[in-house]
Amino acid sequence: MNTLAIVLIIIAVIVLFVIVLYNSLIRLRNQVKNAWAQIDVQLKRRNDLIPNLVESVKGYMKHEKTVLEDVTKARSAILAAETVEAKGKASNVLSKTLKSLFAVSENYPQLKANENFMQLQEELSGTENKIAYSRQFYNDIVMTFNTKIQTFPDNIFAKMLNFSAEASFEATAEEKKNVKVQF
Amino acid sequence: MFNEVRNNKIKSVVLISVFIILIAGLGAGIGGLYGSFYFGVAMAVIFASIYAIIAYYSGDSMLLSLSGAKEATKKDYPYLINTVEGLAVAAGLPTPKAYVIDDTALNAFATGRDPQHASITVTTGLLKALNREELEGVVGHEMSHIKNFDVRFMMLTAVMVGIIMLMSDLLLRSFLWGGKGGSNDKKGGEITIILVVIGLVLAVLSPIIAQLIQMAISRKREYAADANGAILTRYPPGLANALKKIAKDPDPLVDKANKATAHLYISTPFRKKQSWLTTMFSTHPPIQERIKRLEAM
């Protein structure tokens, strides 16, 4: 009778532990999903700004066709990318092409003085920063989640409950030097 | 982080309780003098509770309008709005509202009862003087005040300290005005008693008020916000450089700041040459020490 009670108590404690663990893992995984959606929001915002940018720049930059084409190409590449890794890479390519577009724009004083262009430039650099911040936040959440499911004793149950580590973004070489994106 | 959030929530409850008890004591004193002790207490508690509820739900709008802050629109301040949105993303919080104070002094503050109802205010002087990284540093500092609920406690302190100071002022003035009356009739004696009571109440209140402000400002809170802000931007030199510019500000006086709202600001909103009174109330950590800590990160 006594041993039965003890066994029952132990089972109850384990069940309780698993329930609490399961709920906290679900909560974390939803946060990961939400953080991922946040990145998507910012990437989409940037993609939406680009046609306007190309439109407003076209008239001034007649001799810079390739730069504009690169930007447009990189934009469509993001739309096609689906995994975390592919999306990260495509996004970096777009950031780079935008950077060279704005670098080239330095040669066109009339363009630089254009009100519409200035607004777009502010919007794009703001969005670039938001992309960087949303990735940073995503990585933070993923790290918390991954640490939780990989440490003892949570790892035993996490495996049984079918939780697996989420992928995080690798920082590019440029980002490692300086987090900020400035045009 | 969660500890800080819980701490701030507990401190806020304590603050509201202390406020209600203080006002109830005042009501008891005044009610007692006029022969109705319980009536005085009841009225005071009702008044204090209503005020506390108003303070909790609209203390932030009170403080914003007191400071002369106007809501910043995306059209007029795209730079500020983008920065606030970016750091909200970094902190994983809903985007706080952005406000601007038309003042040449370099300063900023955050207020609100929780991250869902919060705002960040900067002076136009600050916007003009700082580059993007520096502004991100300042906004990151304010964002971490919001994230760990510092804003709730600081807002309640400002609003409640403000009303107590106002009442002490009113009481003192009404005594001075009343003191001019004849001192020979029966009323004269009553007024003397009131005077004694007011004197005692003020003597008790002042150190408590000072203590409350002290608690609200606490150097630890500012250092923590500096550090957490740097974690958000991943770029401590941004805030360090901003603080350097703020330290060099030749005219740091924010016209509409006062003793009750001073602790909200990122840096003391008073003139550098301070009277003993402002020195007593101003417990912002020395700005040079904050810069040093940021640069050591």
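Two residues are in contact here if their C-beta atoms, placed from the backbone, lie within 7 Å. By that criterion, 13 residues of chain B are in contact with 14 residues of chain A. The model is predicted, and it scores ipTM 0.77 and pTM 0.82.

**Interface, seen from chain B**

- Two elements, α3 (78–91) and α5 (132–147) of chain B, each give two or more residues to the side that touches chain A.
- The largest share of that side of chain B comes from α3(B), with eight residues.
- By class, the side of chain B that touches chain A holds six nonpolar, four charged and three polar residues.

**Chain A: overall form**

- Chain A has seven helices and zero strands, so that its elements read α-α-α-α-α-α-α from the N terminus on.
- The radius of gyration of chain A is 24 Å, whereas a compact globule of 183 residues would have one near 16 Å.
- Along the principal axes, the C-alpha atoms of chain A fill a box of roughly 90 × 25 × 25 Å.
- Of the 183 residues of chain A, 24% count as buried.
- Among the contacts in chain A with a separation of 6 or more, 74% are between residues 24 or more positions apart.

**Helix α3 of chain A**

- Helix α3 (residues 84–105) of chain A has 22 residues and reaches 31 Å from its first C-alpha to its last, close to the 32 Å expected at 1.5 Å a residue.
- The buried residues of α3(A) are A:K87, A:S91, A:L94, A:T97, A:L98, A:L101 and A:S105.

- B:I120 is found in strand β4 (residues 117–123) of chain B.
- B:I120 counts as buried because 29 other C-beta atoms lie within 10 Å, and the cut-off for a buried residue is 20 or more.
- Leaving aside residues up to four places away in sequence, B:I120 touches B:V84, B:P96, B:A98, B:A110, B:V139 and B:E142.
- The C-alpha atoms of B:I120 and B:G27 are separated by 36 Å, and the two residues are 93 residues apart along the chain.
- B:V14 is found in helix α1 (residues 2–33) of chain B.
- B:V14 counts as exposed because it has 12 other C-beta atoms within 10 Å, and the cut-off for an exposed residue is 12 or fewer.
- B:V14 and B:N228 are 214 residues apart along the chain, with 25 Å between their C-alpha atoms.

**Confidence in chain B**

- Chain B averages a pLDDT of 82, and 79% of the residues score at least 70.
- Over residues 179–184 of chain B, pLDDT stays under 50.
- For residues 179–184 of chain B, the model has four contacts beyond four places in sequence.
- Where pLDDT is low, the predicted coordinates should not be read in detail.

How values were computed:
Residues numbered from 1 in each chain as written. Chains lettered and ligands numbered in written order. Predicted model: local features only at pLDDT ≥ 70, side-chain atom pairs only at ≥ 80, totals over all residues. Helix = DSSP H or I, 4+ residues; strand = E, 2+ residues; numbered from the N terminus. Nonpolar A, V, L, I, M, F, W, Y, C, P; charged D, E, K, R; others polar. pLDDT = per-residue confidence, 0-100. Rg over C-alpha atoms; globule rule 2.2 N^0.38 Å. Expected span 1.5 Å × (residues − 1).
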